[in-house]
Amino acid sequence: MLRGMQPEVVAERVEVAYGLRLGPLTEVAGGADSAATLWRGVAADGAAYAVKVSRGRLDTGLAVTAELAAAGVVGVPAPLTTVEGRLWTELAGGQLSVVPWLA
C-alpha cells in the first residue's frame with residue numbers, strides 16, 4: 001500500500017504531469033482498491049478532483065471509464081489526461097490518475 005506518501009509530492013506530480021495545480025490534498029479513507037491511496041484535491045477555480053495512486057494496474061479501468069464517458073454515459077466522469085495525452089502517470093512505482101470528484 002502507499003499509505004504515508006506525502007501529499008505534497010503527489011500534488012507536485014499532478015501539477016507536472018497534468019498541468020493542474022491543486023490546493024492541499026486530503027486523504028480519503030476506504031475504496032475498493034486496497035493497493036491504492038486516494039486524495040481529494042481542489043483547484044483554484046473550485047473544481048474538485050480525485051487523485052489516486054495505486055500499485056495495481058489502473059490502465060484497463062481508466063481506458064474503459066474514458067470510453068464510457070466519451071460515449072456520453074451519464075454519471076461516468078472522464079479521467080483527465082496528462083500533458084502527454086496519457087490516462088495516468090507514474091509515481092513511486094505506482095500509477096497516478098486524476099478524475100473529477102463526484103460527491
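A nonpolar patch is made of residues with over 30% relative accessible area and no salt bridge, in which nonpolar side chains are joined within 5 Å. The close-up views below come from a predicted model.

**View 1. A nonpolar patch on the surface, formed by V64, L68 and V73.** Together, these three residues have about 220 Å² of accessible area. V73 lies in the loop that runs between helix 2 and strand 4. The relative accessibility of V73 is 37%, so this residue counts as partly exposed.

**View 2. T82 in the loop between helix 2 (59–70) and strand 4 (89–91).** T82 has a relative accessible area of 7%. Buried means under 20%, so T82 is buried. Leaving aside neighbours within four places in sequence, T82 is in contact with A17, Y18, W88 and T89.

**View 3. Q95 in strand 5 (residues 94–100).** Q95 counts as buried because its relative accessibility is 13%, and buried means under 20%. Apart from neighbours within four places in sequence, the residues in contact with Q95 are K52, V53, S54, G56, R57, L58, D59, W88 and T89.

**View 4. The side chain of Q95 and the backbone of L58.** A polar atom of the Q95 side chain lies 2.5 Å from the backbone nitrogen of L58. L58 is one of the residues in contact with Q95, and Q95 itself is found in strand 5.

Methods
Residues are numbered from 1 along each chain as its sequence is written. This is a predicted model: local features need pLDDT of at least 70, side-chain atom pairs count only at pLDDT 80 or more; totals for chains, interfaces and linings use all residues. Side-chain values use heavy atoms; hydrogens and water are left out. Helices (H or I, at least four residues) and strands (E, at least two) are DSSP runs, numbered from the N terminus. Buried means under 20% relative accessible area, exposed over 50%, partly exposed in between (1.4 Å probe, protein chains only). Contact means heavy atoms within 4.5 Å. A polar contact is a pair of N or O atoms within 3.5 Å; within protein, one must be able to donate a hydrogen and the other to accept it, and residues adjacent in sequence count only if both atoms are side-chain atoms. Patches are made of residues with over 30% relative accessible area and no salt bridge: like charges are joined within 9 Å, nonpolar side chains (Val, Leu, Ile, Met, Phe, Trp, Tyr) within 5 Å. Accessible areas come from the Shrake-Rupley method with a 1.4 Å probe; for residues, only the protein chains shown count as cover. A salt bridge is a side-chain nitrogen of Lys or Arg within 4 Å of a carboxyl oxygen of Asp or Glu.
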